[in-house]
Amino acid sequence: MNTMIDVAGLRIAFGASEVVKGVDFNVARGACFGIVGESGSGKSTVLRALAGLNRDWSGRIAFEGTPVGLKRSGAFYTKVQMVFQDPFGSLHPAQTIDRILSEFLLVNRTGDIDGRVNRALAEVALPPSVRFRFPHQLSGGQRQRVAIARALIAEPEVLLLDEPTSALDVSVQAEVLNLLADLRRRLGLTYVMVSHNLAVIAHLCEHMGVMQHGEMVEQLSTRTLREGGATHPHTRDLAALSLSLETVDAPAV
Amino acid sequence: MLVDIQDLRIAFEGNGKRFEAVRGVNLSLAPREKLGIVGESGSGKSLTARAMMKLLPPQAIISATRMQFDGVDLLTRSERQMRRIRGGRMGFVLQDPKYSLNPVKTIGTQIAESWRAHNTGSRKMAREAALDLLEQVMIRNPAKVLDAYPHEVSGGMGQRAMIAMMLAPDPDLLIADEPTSALDASVQAEILRLIDALVERRNMGLILISHDLPLVSHFCDRVSVMYMGRQMEEIAAADLAQARHPYTRGLLNCMPALNQPRETLPVLARDAAWLEETPL
Ligand SMILES: Nc1ncnc2c1ncn2[C@@H]1O[C@H](COP(=O)(O)OP(=O)(O)OP(=O)(O)O)[C@@H](O)[C@H]1O
Ligand SMILES: Nc1ncnc2c1ncn2[C@@H]1O[C@H](COP(=O)(O)OP(=O)(O)OP(=O)(O)O)[C@@H](O)[C@H]1O
Ligand SMILES: [Mg+2]
Ligand SMILES: [Mg+2]
């Protein structure tokens, strides 16, 4: 297989406490790999290490067979972009949406800033009128779409997505999931997506890893999961709960 | 009636244009009642919730024919009087937990402060209460989280810390804006069970804002469905599956499901006529 991302023996610590304890996985070019698992299990921490936002890791992280070190070059970010879990924290409060979206283009001296900003807004289904607003003037869902637009504007090959739809309502979630599926098909993007929502992961990814207490306790295909083939108790619990909440007329929680 | 709101309107003005984000919302809630508010992004759910706490952005123009909390007219309350109500009899979990937690204070300090604002007890008792609350919201290592700063915890932990802080003063009304959106299903179920127990035990009223329709239908008594600042319908939560309004049906239909793989998710086809109808 044509491997885009290769992670082996990844360990990450904050001070004395190790929160990721030896994680291995591969993602093929153009594939989508999902990471699910309980809160605090280390999902975001793994993703941040891939993005070069964490310095205290050891093990191997390679993109297209080339191992990356603790520091990443500017060129790295034209290839790999990340969308964060918390859209409020990740958008600069004093910058307009226009400024936030143009940042990357200004730094990289790209032309046609105006057109690209408008296209990025259209791609995430935001009206052009939000362009000169500030993040606090947008709803939670609108802010997350700005965060996705900002990642797309770099035209990356890899998107690292941390809970990209958990702040979105179901209708925008559907639009964003369709958009992500479409971008992947059209541009051959590779995704690693973290979500606590198993149905969201299963919709977009064909493989997933399940994390608990800093370990990836199971890796399986979405198909195996759907056919009831999960073996680890944590995966089975997540699947059972997800199914019980799926319909509006299922028994109460 | 714990909450009684009639014809709530919230508008913003800029460049000579007026934008009405909330247009004539009516809400009522009795003690022990759980009301869900659902609706797409930007439909005015958070603004409606913030209006109840009078925590709207300063440029927001608000009007209502009635806005009462347990018989108290909120429209005429001063900021000082509101401050006593907020975080006391009225608790709220805001949509952006990291934004609403103070970044320079430890989580334990913040929960303890919130506890002491409405309970009498020593510093030590407040700290113990904070620890107990963190345990109640299912934080695995509560002693460690107590001394952590907001940026040192995961998304789901921040959300739970915020919930613990709001439950500390034992409120009569809890307004929770997407309180569990960052949590996995098992923790989510636990937190909702905890909130449910408080509703029962303390006769608390709950307003739960969420975009997760199945969740709201399992958990609440009634559901109000919002679109573009208006209420499309208000129905018993148990009847949500039989909702007739095309908007509600559209919302129900566009969620990915584990047992029902679909290549493309249906998206909402919005109809201008929805906004012309007299709501409810
Ligand atoms: N900057 C930090 N300093 C200290 N500890 C941290 C820091 N960031 C994360 N942690 C800890 O590392 C662990 C894993 O956190 P992480 O954010 O990766 O969890 P997660 O699986 O993404 O959870 P969630 O689903 O709640 O977002 C948690 O125990 C968290 O408290
Ligand atoms: N300070 C502000 N200035 C101008 N417009 C605002 C402001 N705050 C909110 N709005 C607008 O009011 C509308 C309602 O916003 P609100 O935050 O209540 O939506 P919401 O239903 O909570 O959405 P979400 O599900 O995305 O959180 C949105 O169109 C938003 O852009
Ligand atoms: Mg996370
Ligand atoms: Mg909101």
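1. A residue is called buried when its relative accessible area is under 20%, exposed when that area is over 50%, and partly exposed in between (1.4 Å probe, protein chains only). In helix α4 of chain B, the buried residues are I107(B), G108(B), Q110(B), I111(B), A112(B), S114(B) and W115(B). The helix spans residues 107-116 and is mostly covered, with seven of its 10 residues buried. Helices (H or I, at least four residues) and strands (E, at least two) are DSSP runs, numbered from the N terminus. The buried residues of α4(B) pack against α5 (123-136), α6 (142-146) and α7 of chain B, where contact means heavy atoms within 4.5 Å.

2. The model is predicted: local features need pLDDT of at least 70 and side-chain atom pairs count only at pLDDT 80 or more, whereas totals for chains, interfaces and linings use all residues. Residues are numbered from 1 along each chain as its sequence is written, chains are lettered from A and ligands numbered from 1 in the order in which they are written, and side-chain values use heavy atoms, with hydrogens and water left out.

3. A nonpolar core is a set of buried Ala, Val, Leu, Ile, Met, Phe, Trp, Tyr and Cys residues joined through side-chain atoms within 4.5 Å. The largest such core has 149 residues, of which Y191(A), L204(A), L8(B), I10(B), I111(B), L134(B) and L173(B) touch the most other members. Helix α7 of chain A (residues 170-187) gives the most to this core, namely nine residues. A second, separate core holds 31 residues, including F25(A), V194(A), M211(A) and M216(A).

4. Chains A and B both supply surrounding residues, so the site is shared between chains. Polar contacts are pairs of N or O atoms within 3.5 Å; within protein, one must be able to donate a hydrogen and the other to accept it, and residues adjacent in sequence count only if both atoms are side-chain atoms. An N or O atom in the side chain of S154(B) is 2.8 Å from an oxygen atom of ligand 1, and a backbone N or O atom of S41(A) lies 3.2 Å from an oxygen atom of the ligand.

5. Ligand 2 lies between chains A and B. It is surrounded by 21 residues, the closest being S41(B), G42(B), K45(B), S46(B) and Q95(B). A backbone N or O atom of G42(B) is 2.7 Å from an oxygen atom of ligand 2, while a polar side-chain atom of Q59(B) lies 3.4 Å from a nitrogen atom of ligand 2. The protein covers 92% of the 650 Å² of accessible area that ligand 2 has on its own; such areas come from the Shrake-Rupley method with a 1.4 Å probe, and for residues only the protein chains shown count as cover.

6. Most residues other than glycine have a negative phi. H213(A), which is not a glycine, has a positive phi of about 45°; this residue is in the loop between β9 (207-212) and β10 (215-221) of chain A. H213(A) is partly exposed, with a relative accessible area of 37%. R32(B) has a positive phi near 75° and lies in the loop between β2 and β3 (34-39) of chain B. R32(B) is partly exposed, at 42% relative accessible area.

Definitions and conventions
A residue is near a molecule or strand if one of its heavy atoms lies within 4 Å of it.
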